[in-house]
Amino acid sequence: MSGRWYKEAVVYCIQVDMFADSDGDGCGDLPGLIGRLDYLSRLGVSCLWLNPVHPSPQRDQGYDVSDYYNVDPRIGDLGDFAELTFQASERGIRIIIDLVVNHTSDQHPWFRSARSSRTSPYRDWYIWSEQEPADRRQGIVFPGEQTETWSWDEEAGEWFFHRFYDFQPDLNWSNPAVRAEIRKVMSFWLQMGVSGFRIDAAPFVLELVNAGQPTTLDFSILDDWRQNVQWRSGEAILLCEANVGPGEIDKYTGSTAEGPNDRAHMLFSFLLNARLWLALARKSAEPIIESLSALPPLQDMAQWASFLRNHDELDLSRLTDEQRSDVFKAFAPKPDMQLYGRGIRRRLAPMLGGNRRRIELAYSLQFSMPGTPVLRYGEEIGMGDDLSLPGRDAIRTPMQWDDGPSGGFSTAVDPLVAPVTMTGAYGARRVNVRALQRDPDSLLRWFEQLISTVRECPEIGVGTWSVLDVPSVPAVLVHRFDAPEGSMVLLHNLGDAPVVVDIGPQEGTDRPWEMFADGPYRRPTAQLRRLELNGLGYRWIRLRHGRSM
Ligand code: NOJ
């Protein structure tokens with residue numbers, strides 16, 4: 001086991017049913033994914049995050065689980081899963097899975113039993129109210145698709161609470177039996193070889209809901225998980241999906257002035273995500289600089305997970321109306337590109353007009369942000385979205401492997417789990433793995449270089465960072481990482497015009513070395529003054545290398 005592996009990892013998110021179909025039934029599966037591990041190994045990613053793999057009625061793409069101790073028969077069986085963890089580890093790739101335990105599917109046997117009778121042993125595993133809750137239309141997560149958070153259940157003869165859709169009843173986390181069962185679920189998957197969990201909807205799991213009473217957050221759930229997970233598997237991590245304010249972060253990581261990180265190891269950096277998009281929209285480094293300065297420092301083992309796009313809408317709810325409208329104007333000007341009034345249901349390449357230099361700049365920025373980068377499948381080839389599909393399905397189309405029927409995703413043509421985008425600027429006829437592999441200058445080859453560079457420069461994942469002051473060029477972000485492993489300075493020009501940046505004297509420079517850049521630049525000298533930067537350019541310059549060569 002390598003220490004703190006997650007701090008030097010590159011995470012790749014896969015929806016198994018959309019990735020590769022091995023048996024021609026039109027649905028991606030675990031053997032299909034196993035067959036693509038060498039592709040992923042060459043891409044250089046070191047950890048796969050699998051969206052829910054459990055049996056599910058699939059009314060929320062698997063985020064409605066009906067059995068925590070199995071895999072969805074559409075994608076294989078537990079034997080296939082064990083083979084996946086084995087084959088991945090052979091290639092030095094770890095697997096983490098989504099753990100969706102704020103709620104179950106309403107088809108889960110626990111809920112079916114719970115609703116059937118007040119004396120069911122599972123009744124108290126969910127949250128009920130005899131009276132109609134006054135706030136039942138509050139706290140909606142999916143406006144337009146969800147109208148209430150308490151629904152009447154005819155069979156149960158009571159109201160039940162569901163933070164998300166009405167087919168996703170919330171588990172009652174006040175109940176010790178629920179806590180014990182989910183501990184068992186986690187232990188089970190650790191035994192199956194996973195290296196951790198993405199904790200779906202973490203703030204809602206911690207929220208203890210009681211009809212008519214104010215909700216409270218119980219962080220002892222995270223304490224308990226961390227203890228359990230770490231005793232079972234020293235390397236396992238918890239990665240929380242928690243879109244919370246800066247003041248809350250420490251509670252999730254369990255880092256205080258008195259003690260180190262003893263809750264979640266990682267948190268997605270939602271705080272940075274929307275600001276990165278605002279910066280790209282305004283062609284100004286300022287939103288990133290502000291956001292980095294306000295980012296709470298993480299202590300000890302805790303780590304950010306950076307991302308640009310995930311499987312959900314790009315959530316801009318943390319921006320002001322004016323900021324959000326700037327991002328909409330730049331990247332989602334049509335109403336059908338927007339979702340829930342707060343977000344964007346597009347993939348990155350079409351948001352950036354397919355402009356290769358903008359795509360490189362965006363991902364160079366993300367991969368150089370403090371923390372561990374997370375990349376969604378298909379982004380490395382510049383896949384697009386399908387706005388004819390409803391809601392978030394627009395960004396959940398099958399992986400495009402080649403230009404054949406069904407884009408090489410499946411030998412079946414119809415029915416498929418979701419339509420493959422075949423035509424248009426982002427369709428599989430043009431944008432597919434095989435075509436990009438043949439082209440030495442392709443986006444895919446560029447991603448391989450980006451990923452290998454970030455893995456060669458662990459100071460980005462583990463180091464302390466600072467933003468350098470370059471007041472005369474507002475479009476340029478210059479930041480620096482320092483760690484025993486080395487020191488780096490990184491420059492990004494969000495503007496279209498070339499600039500020359502004076503970054504001032506830098507300590508610890510002996511022979512600066514360009515590790516990665518958007519094009520050839522004059523070799524940096526030890527003085528490092530007056531660095532050139534193309535419009536939309538980026539440079540990753542290593543000042544010092546702390547590891548023996
Ligand atoms: C967050 C997931 O990312 C999203 O896809 C899902 O719909 C909700 N949680 C409910 O599980």
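Which backbone nitrogen does the side chain of His-108 reach at 3.0 Å? The side chain of His-108 reaches the backbone nitrogen of Trp-110.

## About the model

This is a predicted model, in which local features need pLDDT of at least 70 and side-chain atom pairs count only at pLDDT 80 or more, while totals for chains, interfaces and linings use all residues. Residues are numbered from 1 along each chain as its sequence is written, and side-chain values use heavy atoms, with hydrogens and water left out.

## Around the ligand

The ligand is surrounded by Asp-60, Tyr-63, His-103, Phe-142, Phe-164, Arg-198, Asp-200, Glu-241, His-311, Asp-312, Arg-392 and Arg-396; a residue is near a molecule if one of its heavy atoms lies within 4 Å of it. This shell divides into seven charged, three nonpolar and two polar residues. Here Ala, Val, Leu, Ile, Met, Phe, Trp, Tyr, Cys and Pro count as nonpolar, Asp, Glu, Lys and Arg as charged, and the others, Gly among them, as polar.

The side chain of Asp-312 has an N or O atom 2.5 Å from an oxygen atom of the ligand. For Arg-198, an N or O atom of the side chain is 3.1 Å from a ligand oxygen, and a polar side-chain atom of His-103 lies 3.1 Å from an oxygen atom of the ligand. A polar contact is a pair of N or O atoms within 3.5 Å; within protein, one must be able to donate a hydrogen and the other to accept it, and residues adjacent in sequence count only if both atoms are side-chain atoms. The protein buries 97% of the 300 Å² that the ligand exposes when taken alone (Shrake-Rupley method, 1.4 Å probe).

His-108 is found in the loop between strand 3 (94-99) and helix 4 (109-116). Helices (H or I, at least four residues) and strands (E, at least two) are DSSP runs, numbered from the N terminus. His-108 counts as buried because its relative accessibility is 4%; buried means under 20% relative accessible area, exposed over 50%, and partly exposed in between (1.4 Å probe, protein chains only).

Ile-182 lies in helix 5 (residues 176-191) and is buried, at 0% relative accessibility. From C-alpha to C-alpha, Ile-182 and Pro-474 are 49 Å apart in space, and they are 292 residues apart in sequence. Arg-480 belongs to strand 18 (residues 476-483) and is buried, with a relative accessible area of 9%. A polar atom of the Arg-480 side chain lies 3.0 Å from the backbone oxygen of Glu-507.
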